[in-house]
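I opened my notebook today to go through a structure step by step. Here is what I looked up, in the order I did it.

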Amino acid sequence: MKMKKADVKPFKEMLLVLRARLRGDVSTLADAALSNAGAGGGGNSSVSNHIADMGSDTFEQDNTILLMNNEGETLVQIEGALERVENGVYGICLECSGKIPKMRLKAIPYTPYCVKCASELESTKY
Ligand SMILES: [Zn+2]
């Protein structure tokens, strides 16, 4: 069930970039790294603007919308994800121990849950 180190690496980099951005360390560097990692699908430099415009019904939970919503909580999630990277359990759902699809990790690299569990836990966790 574990992800290979080589598979985890790009996500770890994304997490480090996200953490840096949330801490206010960098922004342009973060954007570049994120698009390199394939997170935004390319050329998506206005994530935060999009989020401001989006109604909750227009986007599935499984998307980048969570990125800027609650920065303090997001930072905690990112720290947790980096810990899971170090422990070799990154990409495994904390709830059901199932594998979290890479597509989901690309959208929300710090998510601790698979799609199914996240939707079940959504009301309390997100
Ligand atoms: Zn799960």
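How many helices and strands are there in the chain? I counted 6 helices and 0 strands, taking helices (H or I, at least four residues) and strands (E, at least two) as DSSP runs numbered from the N terminus. Read along the sequence, the pattern is α-α-α-α-α-α.

A note to myself before going on: this is a predicted model, where local features need pLDDT of at least 70, side-chain atom pairs count only at pLDDT 80 or more, and totals for chains, interfaces and linings use all residues. Residues are numbered from 1 along each chain as its sequence is written, and side-chain values use heavy atoms, with hydrogens and water left out.

**Entry: the whole chain.** I looked up burial next, where buried means under 20% relative accessible area, exposed over 50%, and partly exposed in between (1.4 Å probe, protein chains only). Of the 126 residues in the chain, 37% are buried.

**Entry: the zinc ion.** Which residues coordinate the zinc ion? I found C93, C96, C114 and C117, each through its SG atom, at 2.3 Å. Donors here are N, O and S atoms within 2.8 Å of the metal (3.2 Å for Na, K and Ca); water is not among the atoms, so sites may look incomplete. The 4 donor atoms subtend angles of 104 to 115° around the zinc ion, which makes the arrangement tetrahedral (four donors count as such if all angles lie between 85 and 135 degrees). Along the sequence, the donor residues follow the spacing C-x2-C-x17-C-x2-C. C93 sits in the loop between α4 (71-87) and α5 (102-107), and C114 in the loop between α5 and α6 (115-125), so the pair ties together parts that are 21 residues apart in sequence. I checked their burial too: C93 is buried at 2% relative accessible area, and C114 is buried at 9%.

**Entry: helix α4.** Which residues of α4 are buried? I listed T74, Q77, I78, A81, L82, R84 and V85. They cover an arc of only 155° around the axis, which puts them on the same side of α4; the arc is that of the directions from the helix axis to the C-beta atoms. These buried residues pack against α1 (5-22). On the face turned away from the buried side, I found the exposed residues V76, E83, E86 and N87. Just after α4, G88 takes a positive phi of about 75°.

Technical notes:
Four donors count as tetrahedral if all angles lie between 85 and 135 degrees; four count as square planar and six as octahedral if opposite donors are over 155 degrees apart and all others between 65 and 115; anything else is irregular. Contact means heavy atoms within 4.5 Å.
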